[in-house]
Amino acid sequence: MRIKAETFKELGKASLAISVAWIVFGIIQPAFTNRFSVESSLIAVLGFLVFLTLGIILLNRGAEK
């Protein structure tokens with residue numbers, strides 16, 4: 001069974017949305033509520049980069065087919 005190109009595109013879009021959520025809930029929200037910490041921010045940036053990279057790969061894979 002083969003995965004359709006549209007599925008890769010949609011998964012890529014969802015991954016990009018999750019990457020934005022990592023930034024919002026890991027950096028922006030704690031900064032406004034005065035609960036900002038460097039450790040949490042580093043974890044949020046790492047999560048952002050992982051999901052951003054995954055999203056880009058999936059979107060490119062969907063565009064190839």
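## Salt bridge

Partly exposed means a relative accessible area between the buried limit of 20% and the exposed limit of 50%. E10 has 38% relative accessibility, so E10 counts as partly exposed. The model behind these values is predicted.

K13 is the salt-bridge partner of E10. The closest N and O atoms of the pair are 3.3 Å apart. A salt bridge here needs a Lys or Arg side-chain nitrogen within 4 Å of an Asp or Glu carboxyl oxygen. The count by this rule is one salt bridge.

K13 is also partly exposed, at 48% relative accessibility. Both residues sit in helix α1, three residues apart. About one helical turn therefore separates K13 from E10.

## Helix pair

Helix α1 covers residues 5-32. Helix α2 covers residues 38-64. Two packed helices are described by the angle and the distance between their axes. For α1 and α2, the axes come within 7 Å. They cross at roughly 165°. That makes α1 roughly antiparallel to α2, because angles over 145 degrees count as such. The crossing of α1 and α2 is left-handed.

## Nonpolar surface patch

Five residues are named in a nonpolar surface patch: V20, V24, F25, I28 and F32. The patch has an area of about 520 Å².

V24 belongs to helix α1. The relative accessible area of V24 is 31%, so V24 is partly exposed. Patch residues must have over 30% relative accessible area, and V24, at 31%, has that.

How values were computed. Residues numbered from 1 in each chain as written. Predicted model: local features only at pLDDT ≥ 70, side-chain atom pairs only at ≥ 80, totals over all residues. Heavy atoms only, no water. Patch = residues over 30% accessible without salt bridge, like charges linked within 9 Å, V, L, I, M, F, W, Y side chains within 5 Å. Areas by Shrake-Rupley, 256 points an atom, 1.4 Å probe, with all protein chains shown as cover. Helix = DSSP H or I, 4+ residues; strand = E, 2+ residues; numbered from the N terminus. Buried < 20%, exposed > 50% of the residue type's maximum accessible area, 1.4 Å probe, protein only. Axes fitted to C-alpha atoms, helices over the stretch in contact; angles between N-to-C directions. Parallel < 35°, antiparallel > 145°, perpendicular 65-115°, else oblique. Left-handed = near helix turned anticlockwise from the far one by under 90°.
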